[in-house]
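Please open the structure in your viewer and keep the selection tool at hand.

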Amino acid sequence: MNRWRGLVSLVRDSVEHGSIAIEKLQKQSAGRPFRLLEQLPPIALPVRVVHAIHDGSVTVTHTAIRLANRVVAGALDVVLPE
């Protein structure tokens with residue numbers, strides 16, 4: 001059972017840290033063109049709004065992934081015998 005618990009821990013940590021890294025990368029990658037477009041006065045305000053919506057949706061998505069990951073890992077901790 002220790003191996004199963006170790007595997008659960010490994011997968012949980014991998015998903016957690018992987019999601020954090022991917023979230024950061026997605027925001028950075030999208031941030032470059034957004035920052036360039038935000039320099040154009042006629043479209044700056046709408047671009048800022050879209051940028052904020054994008055970053056918010058990325059954050060919400062990865063928060064949900066990490067929450068589901070913790071719930072599943074917690075359930076497995078309860079189910080797996082000591």
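Helices (H or I, at least four residues) and strands (E, at least two) are DSSP runs, numbered from the N terminus. This is a predicted model, in which local features need pLDDT of at least 70, side-chain atom pairs count only at pLDDT 80 or more, and totals for chains, interfaces and linings use all residues. Residues are numbered from 1 along each chain as its sequence is written, and side-chain values use heavy atoms, with hydrogens and water left out.

**First selection: helix α1**

Select residues 2-37, which form helix α1. Leu 7 is found in this helix. Leu 7 counts as partly exposed because its relative accessibility is 39%; the term covers values between buried (under 20% relative accessible area) and exposed (over 50%), with a 1.4 Å probe and protein chains only.

**Next selection: Glu 16 and Arg 70**

The structure holds five salt bridges, each a side-chain nitrogen of Lys or Arg within 4 Å of a carboxyl oxygen of Asp or Glu. One of them joins Glu 16 to Arg 70, with the closest N and O atoms 2.7 Å apart. Glu 16 lies in helix α1 and Arg 70 in helix α2 (residues 44-79), 54 residues apart. Glu 16 is buried at 15% relative accessibility, whereas Arg 70 is partly exposed at 44%.

Glu 23 forms a salt bridge with Lys 27 (3.3 Å, N to O); both lie in helix α1, four residues apart, about one turn of the helix. Glu 23 also meets Arg 66 in a salt bridge (3.0 Å, N to O). Because Glu 23 lies in helix α1 and Arg 66 in helix α2, this pair ties together parts 43 residues apart in sequence. Through shared partners, salt bridges join Glu 23, Lys 27 and Arg 66 into one network.
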